[in-house]
Amino acid sequence: MKGLSNYMGMSSDLDKLISKLDNIEKKAKRDIAKNGLNKGADIIKESVIEKAPEDTGKLKSSIDKGKYVGGQNASIQVGIFNGDEDVKRYAFYQNNGTERMVGKKFFNRGATQSKKEAVEVMKDTILNELGLK
């Protein structure tokens, strides 16, 4: 009976170890994905800034990355995160236009033109961090 008791104790310890290793693996995957998304978002952010109109410089300086949102569809948004309401309104009209002005679509153009490079950077980052490249 004593041998069975020791075995059950070791089994419990082994289950705890396996659980901890699974958690470490999940965290590592999240961190690798987050790092890849961050680098891809940097590429898109720089492209959007490059395409944005520059009058005072406030619009360009307000374009930034948002917070990482994890989960099944993890993402990082690029948008106006550092601007006041006037800058946000200016960005909206510059991007989308008005009845009298054609929008410059700088967000769309910046994101579209840098998408391929951003995906490549994300892929390379993930492969590098996994030691596969």
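The following dialogue works through a predicted model of one chain.

Student: How many of the residues are buried?

Tutor: Buried residues make up 26% of the 133 in the chain. The accessible surface comes to about 9700 Å². Carbon and sulfur atoms hold 54% of that surface.

Student: What makes S1 and S2 a pair?

Tutor: A pair needs at least two bridges. Strand S1 (residues 63–69) and strand S2 (residues 75–80) have five bridges, so they count as paired. The sense is antiparallel. Two partner sets show where the strands meet. Val69 has Ser75 of S2 as its bridge partner. Asp64 stands opposite Gly79 in S2.

Student: What lies between the two strands of the hairpin?

Tutor: Five residues separate the strands of this hairpin. Gly71 takes a positive phi there, near 110°.

Student: What makes the phi of Lys105 worth a remark?

Tutor: Start with the background. Most residues other than glycine have a negative phi. Lys105 is not a glycine, yet its phi is positive, about 50°. Lys105 sits in the loop between helix H3 (85–96) and H4.

Student: Why is Lys105 called partly exposed?

Tutor: Its relative accessible area is 33%. The class runs between 20% and 50%. The value falls inside, so Lys105 is partly exposed.

Student: How do you know whether Ser114 is buried or exposed?

Tutor: Buried means under 20% relative accessible area. Ser114 has 3%, so Ser114 is buried. Ser114 belongs to helix H4 (residues 106–129).

Student: Which residues does Ser114 touch, leaving aside neighbours within four places in sequence?

Tutor: Ser114 is in contact with Ile43, Ile44 and Ser47.

Student: And Glu129: what makes it partly exposed?

Tutor: Its relative accessibility is 38%. That lies between the cut-offs of 20% and 50%, so Glu129 counts as partly exposed. Glu129 is also in helix H4.

Student: How do you know that Glu129 has contacts beyond its sequence neighbours?

Tutor: Neighbours within four places are left aside, and Glu129 is still in contact with Ile32 and Asn35. Contact requires heavy atoms within 4.5 Å. There is also a C-alpha separation to note. Glu129 and Ala33 are 96 residues apart along the chain, and their C-alpha atoms are separated by 9.6 Å.

Student: What share of the contacts joins residues at least 24 apart?

Tutor: The share is 49%, among contacts between residues at least 6 apart in sequence.

Student: How many charges are there, and where do their mean positions lie?

Tutor: The chain has 25 positive and 19 negative charges. Their mean positions are 2 Å apart.

Notes
Residues are numbered from 1 along each chain as its sequence is written. This is a predicted model: local features need pLDDT of at least 70, side-chain atom pairs count only at pLDDT 80 or more; totals for chains, interfaces and linings use all residues. Side-chain values use heavy atoms; hydrogens and water are left out. Buried means under 20% relative accessible area, exposed over 50%, partly exposed in between (1.4 Å probe, protein chains only). Accessible areas come from the Shrake-Rupley method with a 1.4 Å probe; for residues, only the protein chains shown count as cover. Lys and Arg count as positive and Asp and Glu as negative; His and the chain ends are not counted. The place of a charge is taken as NZ of Lys, CZ of Arg, CG of Asp or CD of Glu. Helices (H or I, at least four residues) and strands (E, at least two) are DSSP runs, numbered from the N terminus.
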